[in-house]
Amino acid sequence: MTTRRLFSLAWKSLWLHRLRSLLTVLGIVFGVASVVAMLAIGEGASEEAQDQFRRLGTRNLLLASVKPPLSEEAGESASRVLRYGLLRKDLVGIRATIPGIRRAVARRDIPVQARFGEREIATVLMGTTAEYAEVANLRLLSGRFLMPSDDHAHKAVCVLGDAVARKLFRAVDPVGQEIRAGTDYFRVVGMLAERGEGTGGTAGLGGESDNAIFIPMGTMQERHGDNIRHVTSGSRSYENVQLHRITVEAASEDESSIAQVGGALRAFVESRHPKGDVRITVPQELIRQAKESKRIFTVVLACIAAISLLVGGIGIMNIMLATVVERTREIGVRRALGARRANIVSQFLAETVLLSVTGGLIGLAFGVLAPLAFTYLSGVRTVITPFSLGLAFSISALVGVVFGLYPAARAAGLDPVEALRRE
Amino acid sequence: MSAVAELCAATRIYPMGGTEVRALDGIDLRFEAGSYTAIMGASGSGKSTMLNILGCLDRLTTGRYLLGGRDVSVLDDDDLSAERNRRLGFVFQAYNLIPHLTVLENIEVPMEYAGVAPSQARERSVALASRMGLQGRFDHRPTELSGGQQQRVAIARSLANDPMVLLADEPTGNLDSRTGKEILAVLEELNTQGRTLIVVTHDAHVAAHADRTVVMLDGRIQRVEERA
C-alpha cells in the first residue's frame, strides 16, 4: 500500500470521528502553540535587551559616577558639598595605565532650563569632547558635532539632541540660532538624529542623548566650575562631581580583550574609588548575560513544552488504545484478508501521526497568531524564529510516532482468530 | 485429482486452565482441486478450529497442513498472511465488511495487501462487484445494503486475488432462506468454475449442496458422506 493511500485511509477514519479526533489533539495543539508563542516572547525580550546593550557600543566600557547612599551623610548639614564620582585625573590615569584601549572620552552632566524665545524646557547640559560622537555612536541630522577647537577656545557652541531641538524649535532651523541654557547663551552648530533609546532604560546606560544639549567640556568647566547646584523643594544642595561618565573604547572587539580591559578597569576603579561611587558597565558582558538568560529560559521552556506534549501524547495514546479495542473486529478481518502485522502497525501509526501532525499544524497557527496579537495589544516585541516552528512541529510529529507505537503494536499483536470472534 | 489442501495427523491442542482441550485430534483429510466439501458438527466438535487451521489463521500443534503442495505449518506469521492473501478467500457469517469503506473499497482490501496498483484494483473490483450483481451500489457503505447484498460484497472480496480455495463459515446463517439459497447458488457456481469450496455449517440443507460432508465430533472425523 502506498504511503499516500495509507494516510488518506487514516484521514478517512479520523474524519469519521471528527469531534473525538479534535478533542484528542487539543493537548498537542496547546502544547505546540505555547512553545512557539513563549519562544517568540522570550526571543523578543532577549533581542530587545541585546539591542539596547549593543547601542552602547560593543567595544565600549562605561564608567559612571554614582551618588553614594545618603545614610552616611544624613546627619550632616544640607549645605555641605557632596563630593563623589569620577575625577579628571582618573581620565588621565586610564589613558596612561590601562592597556588595550583606543581612547577614553569623558562627559559631565548638569541639569538646566533651556530656553529659545518663549519656549523653555528642562534638559541636561552635557560637557564633552569631539570624540564622544563617534564613541557613543551619535548620528548628526544637520550641522556638525563639537570640534577640538571649540574645546580649546572654550567656545559657546552647542549641539542639540533630537527631542530638545523639536521642543525648542518648531518651525525654525535650529542651526545658527542662539539658545539660553542656565544662565549662558550658546550658538547651535548641529543637531542629532533621533536615537530612540526609550525613556526608561537601565539607569546610566545612555538613552539620554535625545534630551541633551552637548557643549564643549572646556566651556562647561569655565562657566560652571566643579560644583553643581541642586534645588529641591526649597532646600538647595551642592554636589562636586568632576565627571559623570567616562566611555572607554577598547582597541579590539573580541571578547577576551574586552574582558582584559574590563579587569584592568575594575582594578583601577577599586583602588581609586573604594567607596563604590563609580560603577563599571560592560555592554558586551550584558549582551552575554542576556544570551545566557535566554538560554536558561529556553531550557525551562523546553521542559514545560516536553511536559505538555507528553500529556498530549498520552491523551492520543489513550484514545488510540480505545480505538484498537473498538476496531478489533476490523483488525481480525484485515488479518484474515492478508494484512501482515506490519500493515496493521502502519495503519494505526499513520492515524496517530496524522492526528499529532494535524494538531501540530493547528498549534503552529495559534502559536504564530498569539505573539502577533500580544505585540499588537501590548507593544512588547516578539520574534518568531524558524527554529521554534521547526522544533515545535518536529516534536509533535515525534509524539505521534512515540505514543502511536504502543497502540499500533497492541493492534498488530492481536490473534486473528480471537479478533474475528470479538463482537 | 490432486489435493489442493491436505491435513496429515493434524492436532490442535489448547491449554485451558491446567487441562488440555484437543480441538483437533489427529485428523487426516484431503481436499481435491475443484471439490465442494461441507464440514458439519455440533458446537465444540472442532469444526471452527478446522476452519481456522485451513484458513491459515491458526497453527497446528502437531501434524502437517499442506496447502497447494506446500507445508504451511512451518511458516511464520508474515508468510501465513501472504498465504491467506493469495490462496484463500473467506466468507463469514456476519459478512465482516469494513463499515467505513464503500463496496468497491471493501473489495479492494485484499488487493491492497497484495500490492496491486490502485487503478488495476479498481478495475477488478468493479468487475467483481458487477459479477455479483451489485451495479449501482459501488459507492454504498455496508450499512446501506441488505444482508444478501453485503454477503455478495464479501464474496466479491474473497475472489479479489483469485484464490484456489474459498472458505465459507455459515455463509447463510444471517440470511433468510430465500436470500440464503441465492448465496449458496453463487458459491456453487464459483465451485463449478473450478474453485475448491469448503463450507462450515450446522445446517443440513446447506450441507446437502456439497459433494461431500465431513461430520466432526470431539475433534475427530465421525463420518464422511459422499454424495453420489
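This is a predicted model: local features need pLDDT of at least 70, side-chain atom pairs count only at pLDDT 80 or more; totals for chains, interfaces and linings use all residues.
Over all chains, the structure holds five aromatic pairs. In one of these, A:Phe116 and A:Phe169 form a tilted pair, with 4.1 Å from centre to centre and 40° between the planes. This pair links distant parts of the chain, since A:Phe116 belongs to strand 3 (residues 101-116) of chain A while A:Phe169 lies in the loop between helix 6 (162-168) and strand 7 (178-181) of chain A, 53 residues apart. A:Phe116 has 16% relative accessibility and therefore counts as buried, and A:Phe169, at 3%, counts as buried.

The rings of A:Tyr132 and A:Phe214 have centres 5.7 Å apart and planes at 40°, so that this pair is tilted. Distant parts of the chain are linked here too, with A:Tyr132 in helix 4 (residues 132-135) of chain A and A:Phe214 in strand 9 (residues 212-216) of chain A, 82 residues apart. A:Tyr132 counts as buried because its relative accessibility is 6%, and A:Phe214 counts as buried at 0%. Together with A:Phe145, A:Tyr132 and A:Phe214 form one aromatic cluster.

| Arginine | Ring | Distance to ring centre |
|---|---|---|
| A:Arg18 | A:Trp15 | 4.9 Å |
| B:Arg212 | B:Phe31 | 5.3 Å |

After helix 10 of chain A comes A:Gly338, which has a positive phi near 115°.

Conventions:
Residues are numbered from 1 along each chain as its sequence is written. Chains are lettered from A and ligands numbered from 1 in the order in which they are written. Side-chain values use heavy atoms; hydrogens and water are left out. Helices (H or I, at least four residues) and strands (E, at least two) are DSSP runs, numbered from the N terminus. Rings of Phe, Tyr and Trp (its six-membered ring) pair if their centres lie within 6.5 Å; planes under 30 degrees apart count as stacked, over 60 as edge-to-face and the rest as tilted. Buried means under 20% relative accessible area, exposed over 50%, partly exposed in between (1.4 Å probe, protein chains only). A charge sits over a ring if NZ of Lys or CZ of Arg is within 6 Å of the ring centre and within 35 degrees of the ring normal.
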